[in-house]
Amino acid sequence: MLSNALEALKTYDWGTDRAVLAPIDEAVISTHDDEVSRRELEASLAAVLATPVSRDAKDYVCRKLMVIGTAASVPALALLLPEEEHSHMARFALARIPAPEAAAAMRDALASLDGELKVGVISSLGARGDEASVPALAALLASGDQQIARSAALALGDIRNAAAAQALAAAKPADPAVMRAVVDGRLACAERLLDSGDKSAAMAIYKPMLGADQPKQVRLAATRGMLACAGQKE
Amino acid sequence: MSFRSQQTRRKFLKTAVAVAAAPYVITSNALGQGDVPPASDRIVMGGIGIGNQGSSDQGAFLGRPDVQYVAVSDVRESVRKAAKERADQHYKNSDCQTYGDFREILARDDIDAVHIATPDHWHAIMVIEACRHGKDVYCQKPETLTLREGPLMIDAARRYARVVSGGSQRVQEDYKELVARCWGGELGAIKSINVNVGPLSQLCNLPAETTPPDIDWEMWLGPAAWAPYNAARCSGSFATDGGSWRSYVDYSGGGMTDWGAHHFGGATFAIDVRELQPVEIEYHNDPEGKHLTYKYANGVLLHHNRPKTENLVVEGTPGEKRPAKPAPTYKGEGGIYGDFINCVKTREKPFRDIELAVNTVAVSHLGTIAYQLQRSLKWDQAAQEFPGDEEANRFLDRARRQPWQL
């Protein structure tokens with residue numbers, strides 16, 4: 001019974017019987033063509049996130065909301081983003097919920113989060129290819145927190161649109177790990193530019209990377225990219 | 001939602017390949033800097049994840065006269081110590097360095113290549129970061145944990161012109177006879193092949209146990225969801241029934257990816273679709289059981305767990321023999337390890353080039369998603385998505401625990 005399984009979440013924890021949650025697993029799948037039932041299930045699960053259940057129980061709920069969550073679940077998930085124990089699993093759901101509200105919730109959280117929780121949100125926005133995040137991520141390239149600056153660079157490389165390319169081009173980090181991420185992001189942007197046929201813009205990224213001061217693998221990447229530019233059909 | 005399309009990469013790679021084979025075989029020497037040793041010199045290597053399968057890989061590389069093995073990284077102190085002693089005994093010195101954090105190995109400029117045999121949830125992060133640091137990589141199978149990871153690993157390998165080999169030796173060594181029959185034309189046009197493999201991995205809620213001082217538990221978990229230590233959760237044994245990390249969804253795809261890397265790898269090699277990914281996955285729930293039929297764009301079928309069908313049974317057209325074609329094989333001596341080392345020297349693509357390895361594990365992942373959703377799926381290899389299938393596309397990737405990022 002689904003209601004029993006939802007009730008069982010109150011006592012579910014590491015080491016308890018996993019089988020009691022099977023009706024929820026089944027309902028997640030069986031409601032594929034039953035929108036009303038699925039939305040009821042979503043509401044029931046999202047409500048659990050505000051209750052004092054175990055970390056494992058909330059993790060489980062987030063896993064299910066990853067599959068069936070909509071904008072309706074976003075507020076409950078967003079409340080978990082600042083919580084050390086739950087931030088990752090909140091992103092586990094938010095990162096895969098297609099509703100734009102999910103991305104917006106993570107963007108909004110950027111301003112108030114710090115340290116590794118902020119890095120997590122940055123990485124999820126990048127993986128999502130969230131173009132609306134570019135201004136915020138661009139500003140974070142200059143963060144004094146090396147992990148945040150590096151993460152922002154990698155996320156911009158994931159998004160790789162013109163604005164991301166511009167932000168990465170302007171970055172001059174002193175930290176080698178951040179610089180490596182900036183270079184990687186710029187190379188990803190160059191590949192996107194090549195794909196769109198903008199060879200001159202791609203060449204402008206590749207050419208300075210041939211310098212003797214660049215690591216071997218970067219010069220190889222630039223050489224390879226320039227050869228690809230030369231072979232691109234008009 | 002603007003989940004990033006992979007079309008950029010595909011188009012770029014096609015363009016790069018069209019230019020010439022040259023971009024892949026460029027070495028530092030070609031750039032006028034002699035910082036890559038000539039082919040006769042030793043390849044300086046380190047190992048990441050040295051327990052169980054990693055230990056076997058370490059032994060294989062240590063045994064090669066063209067390799068100098070100088071560093072190991074593992075989250076278990078006892079494993080690091082044993083691996084160092086092994087290397088030091090081999091070279092009769094004390095040079096092998098140990099690290100609890102793999103990033104310290106990648107930061108060493110003197111290391112040319114690394115082998116990786118961690119649990120699967122670490123593979124993509126490590127392979128991509130190794131490429132960013134200019135290392136060539138031998139990565140154990142299954143190379144990916146999610147579909148999104150594969151193209152990003154290929155991107156990194158191609159972007160930095162790295163040699164990145166997957167790790168299934170069985171693809172070449174266990175299915176020779178079948179490959180010879182298929183590629184030799186004896187079976188005529190191939191219609192289908194069947195693979196029996198499993199099970200899928202499961203969610204793990206094993207109870208907390210006292211964390212031994214020997215292991216860095218946070219580092220073992222890495223990008224996976226936090227969970228309390230439990231010996232079975234992180235056991236490196238090959239069990240897929242609950243006795244090892246290979247049983248659990250946060251770290252592995254279960255037997256479907258673990259043995260799937262071998263069987264699907266051998267099957268797709270035999271029927272010559274290893275450069276492709278399926279375009280359709282048909283889900284069947286018969287009285288005889290649940291099973292799949294993968295369809296490739298060229299019309300060839302790959303069955304999974306087809307009822308009453310033996311593993312790797314091929315359906316051909318025996319009355320219509322085809323001309324034989326030469327089957328790819330290892331380059332160099334020494335099996336899959338020799339193939340990798342040879343390619344590190346020559347800058348050729350290895351037999352289990354990362355793109356082929358990714359295609360193999362994609363078969364496992366696609367099938368897993370079909371079983372999870374209990375329905376048929378369509379797949380667009382170029383776009384790397386389930387077209388128009390918002391629900392299935394949610395399974396392409398999963399958020400990584402902070403601070404880990406691809």
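This is a predicted model: local features need pLDDT of at least 70, side-chain atom pairs count only at pLDDT 80 or more; totals for chains, interfaces and linings use all residues.
View 1. Let's start at the contact, to which chain A gives 52 residues and chain B gives 45 residues. On chain A, helices H4 (55–68), H6 (87–94), H8 (115–127), H10 (146–159), H12 (176–196) and H14 (216–231) each bring at least two residues to the side that touches chain B. The largest share of that side, 11 residues, belongs to H14(A).

**View 2. An open, parallel sheet in chain B.** Here 6 strands line up in the order E3-E2-E1-E4-E5-E6. Which strands sit at the edges? They are E3 (97–99) and E6 (164–165) of chain B, each of which pairs on one side only. As a reminder, strands in a sheet pair through backbone hydrogen bonds, and they may be parallel or antiparallel.

**View 3. Strands E5 and E6 of chain B side by side.** Strand E5(B) spans residues 136–139 and runs parallel to E6(B), joined to it by 2 bridges. Look for B:Val137, whose bridge partner in E6(B) is B:Val164.

**View 4. A helix across the sheet strands.** Helix H6 of chain B (residues 123–132) lies across E1 (43–48), E4 (113–116), E5 and E6 of chain B. Its direction makes an angle of about 160° with E5(B).

**View 5. Chain B as a whole.** Chain B has 16 helices and 12 strands. Its radius of gyration is 21 Å, close to the 22 Å that the globule rule gives for 406 residues, so chain B is as compact as a globular protein of that length. Buried residues account for 53% of the 406 residues in chain B.

Key
Residues are numbered from 1 along each chain as its sequence is written. Chains are lettered from A and ligands numbered from 1 in the order in which they are written. Two residues are in contact if their C-beta atoms, placed from the backbone, lie within 7 Å. Helices (H or I, at least four residues) and strands (E, at least two) are DSSP runs, numbered from the N terminus. Two strands pair if DSSP finds at least two bridges between them. Axes are lines fitted to C-alpha atoms, for helices over the stretch in contact, and angles run from 0 to 180 degrees between N-to-C directions. The radius of gyration is taken over C-alpha atoms; the globule rule is 2.2 Å times the number of residues to the power 0.38. A residue is buried if 20 or more other C-beta atoms lie within 10 Å of its own, exposed if 12 or fewer, and partly exposed in between; C-beta atoms are placed from the backbone.
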